[in-house]
Every structure is written in structure tokens, then in C-alpha cells.
Amino acid sequence: MTRKIFRYILFSATAVVLLSMFIIMGVLYEYFTTIQTTALREWTQLAAQGVESGGMDYLTSVEDMTSRVTWVDSDGSVIYDSQADARTMENHAGREEIELAFSEGTGESSRHSQTLTEMTFYRAQRLSDGTVVRLSITRNSILALALGMAGPISLVFILAVILSAAMAGRLSKRIVKPLNSLDLDNPLENDVYEELTPLLSRIESQHRRIDKQLVEIKSRQEEFDAVTGSMKEGLVLLNDKGFILSINPAAMSIFAADGKCVGEDFMTLERSRDVSSAIRTALDQGHGEARLERAGREYQLNASRVGDAASPSGIAILVFDVTEMVSAEKNRREFTANVSHELKTPLQSIMGSAELLENGMVKVEDIPRFTGRIRDEAARLVALIDDIIRLSRLDEGGEMPEERFDLGEIALQCAKSLEDSAGSKGVEVTVDVQSAYITGVKRLVQEIAFNLVDNAIKYNREGGNVTVRVLENEKGASLVVSDTGIGIPPEHQQRVFERFYRVDKSRSKKTCGTGLGLSIVKHAAQYLSAEIHLESATGEGTRIEVLFPHIRHTQGR
């Protein structure tokens, strides 16, 4: 700004000096021209009177006149000229001033010399005998005058420029200094030009408005951070170029990033081709989807365009965990397939036996065996259906009546009810319980105890042992069932609680299990907020503990 003010002041001062000099020269030139023209008229009248009275004698007597005198005959021929030989001069009848004098009595004109540096003024007057006396005077033109004064003018111009530059520099600094020292943080406290008061008042008003907006923006940002920070889903906001504007903690965890990634290209975090395709699809069509796998979890990524297709302002990316949903869908398909298979096998056996009986192809002595098979397979179907119904009710998570009861008593009743089954396999069941009162759904606890003891007997070896214990400590009451059976290999221990999952399918067929016992135990325990702990080794047996806490958080309601 200082340079601009300096240039403007210097330019203005220089222009004023030049313009003043040219105006003065023009005015002086016109002034002296007027004086000489007036003098020429007077001299012409005197010369005309002298020629009228004295003729050639008068002219020869005044040869020292400063102006040139020419006497022209009525036909335009030159009779006399004070500066040239009249006999050698051309006819002057065509000269402007001569023509005017012949026609009007007097005439004037002016003409430049060939170099344009001189101007000649002419004045002619007709005499009584028809001849014309003409006087002329030559003076420098304004161009010659300017050239003649070039030296003084240049000196004056240089001095004026130096003086103007000094004044311009000093003045520009004085003008700008108060502006440079303005305290814009406190506009109204400045003591500067009065003309700046409206501007400073407006700046103060803008400060207040900006401060208010900053407070509002900060409040909204804190609200936004609080909402997105508590989200389990990952949220990433991108601009129209794909650079990260915001990313919440859940998204940072999913993409293994930190807060420093804000402002970077999203592709530096996630280079998946499917994700890139989803973002491009979102920009073109408004929405795109992709699937991701991270640390054994599966995520669904939804990308949505912000703004219209012509000028999108950015992309909003939402990432949520669909591992449980995918697993549930997989389990549902497997469950459907397993149920179909488990139902089909006994039904085929029943239909085969029934057809043989219907067609009379069974001997009379074999009829009890076939009818027994039909009864056993039908019982197996009923047991399977009952287990499926129990699981469906547990999945629905509906309200079930609760009561306070003794876990030790339930363990004793369960062991007694399975004495015959244990005796048929030569398995000894030992019960070591104490009274432990819990509050919950008694029927579910009974099913947990029954299925655990039943499995311990079915998958035990001949002459093996099953031990049932009920313990109580500060955490809660525990039901512990241990056996000396075949055990569960480590690679199967995480899956034995899945529906229809069997470690040894051939042995399961022999034991007539439905494959749903441990799954019922798992879901019932979840409903009762109980914890299951499994310990097993191949060929050494299995120990399963179900811990019922004193303070229970109801599940599935």
C-alpha cells in the first residue's frame, strides 16, 4: 500500500508540474503573439501613410525597420521589398493577405517556415492608387520556444520530481503508519483517522458475530463428536476429492488409523478395490456398498453421496459390524439343512417299516421288532421336535416366570431320573451337592442339568464315572458336571454348543442324540445370564461348569 500511495503522489505531482509548465508557456506565447500582432497592425498603418505621402523615398528612408516591408503593384508584381530584390521576386497576387487587401482594403495571414520552428505574421493594406503595402514579422513557434527552454525546463522538472518523490515517500509513510499500527482485535480502541471509524465499528460488529458463530460451531462440533464418538458403527466423511474431513473412533479402530489421517486421501487407509468401486458408485448413482473383513470380523460398508450428482459436496461412509448377522444367517441355513436331514432319517425308517408291514412282507414273529423300530424312531422325532421348540422359544426371548429354588435339589433330581440310563451303560453317577438358592426360570435350569448329565452318560466309556457337583462362592452358584468319557478334541471345543454339531457323527447315531442338547444349554444359560466353562481332553473326559451369578442381567428380553 505504501508503494501505491508513493507512486500515485509522485505521478500526480509530476503531472501537475508538467501541465503547469505547458499552460504557462502557452499563455505567455499567446500573450506575446497578441502584442506583436497589434504592433504589426499599427506599423502597417504608419507604413501605408508614409508610402501614400512619400512613395519610394519613404521606403528607402526606413530600411532599418525591424519588420519586412513589401510594396505590391495592383497586378501583384513586387515594386519594393526591404529584404530582397523586387525584380527577382515572384508575383504576390495569390498571397492570402494580398488578395484580402485588394478586395477588402486590409488582410492578415500567418505561415510556418519549412522547419516549423518559425511563424511569420503578415498584414497588408491597400493604398489609394490600388497598390498594397505589406508588413511581416517573424517569431519563433511554440515548438522552438519549448526547444529553446529545454534545459531550464528539464532542470525544473528534475528538481520537481526529486522534491515530489521526497514528499511522496514521507507522506505515504505518515498515511500508512497509523493503518499498520491498527489493533484489529480491539477495533474501537484505536485512535486513528476519523474516516476509519465506520470501518472499525463494522469490524467490531463482525468480531462479535464471528465469536458467536465460533461458539455455536464449537458446540455443534462437540455434539457431533459426542454422538459419533459413542457410535459402534464407523463413520467417515469425505469431501468431493475423497479426502477425509472427519472420522469417528469406531472407524479409526476398523481401519487401524488415528486422528492424523484427517485431511489425507481415504485410499491411504483403505486400498480395497471393492471400497473404491463403492465410492465411485456413490458419486455416480448416490449409493454404493461393499463388504470388508478385519481381524476375523465382517463389516458392511455403505457409501452415500452428499449433494446432487452435478456438484457433489462429499461422501458419507458408514461401516457396521455384520459378523453376528452373517453368522446367524449361516446358522439358519445350516439349521434348516440339519433339521431337514434329522427329520428325514427317522421318517424314512418309519415309512420303510410301515410299508413292509402294510405289504405283509414281515413275518409274524418279526412284527414286534418292526413296530418297536417305528416307536423308537417316532420317539426320536418327538424328542427332536421338542428340542427344536425349546430352542425356538429361547431364541424368541419371551417372558418366562421366575422363582427362587435350590440348585442342589435340581441336580439330585436330575441324577436320579437318569439312573436307569447310566445303569444300562455301566456308568456310575456320583452326586456331591450343597444347597445353593438362586432366582431364575426353574425349567431352564432343569434342562441345563438334564442335558449336561445326559451327555456325560451318553459319551462316556463302559464302566466310566459321572460326577455332579453344586458349589457356591462370592460370584454365584455353580453346577459342575464331570465325566471320564471320550473327551472333546481342542479344535471342536468352540463348536460343540452349535446346533446339530457332532464331534463323532457315527457315535452320535449310536447314542440316538438329537445334536441339540448343548445348544439348548448354551441358549438357556444366555437367557439366565449364566457363564459356561468347558475343559476337556481327548480320552480323558470333559468338565463343564455353569455359573449362575447372584446378580443377574436378564438376557433376551
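Two strands count as paired if DSSP finds at least two bridges between them, and helices (H or I, at least four residues) and strands (E, at least two) are DSSP runs numbered from the N terminus. What you have open is a predicted model, where local features need pLDDT of at least 70, side-chain atom pairs count only at pLDDT 80 or more, and totals for chains, interfaces and linings use all residues. Numbering starts from 1 along each chain as its sequence is written, and side-chain values use heavy atoms, with hydrogens and water left out.

**First stop: S16 and S17.** Select leucine 534 and you will find isoleucine 544 of S17 standing opposite. Strand S16 (residues 531-537) pairs with S17 in the antiparallel sense over 7 bridges. In their hairpin, with 3 residues between the strands, look for glycine 539 and its positive phi near 80°.

**Next, the other partner.** Strand S15 (residues 476-483) also pairs antiparallel with S17, over 8 bridges; here glycine 476 has proline 549 as its bridge partner.

**Then the five-stranded sheet.** Show S7-S6-S10-S9-S8, an open sheet of 5 strands with antiparallel pairing. Strands S7 (244-247) and S8 (287-294) are at the edges with a single partner strand each, so one side of each lacks a neighbour in the sheet. Within the sheet, 6 bridges join S6 (residues 234-239) to S10 (residues 314-321). To see one of these pairs, select leucine 237 and its bridge partner in S10, alanine 316.
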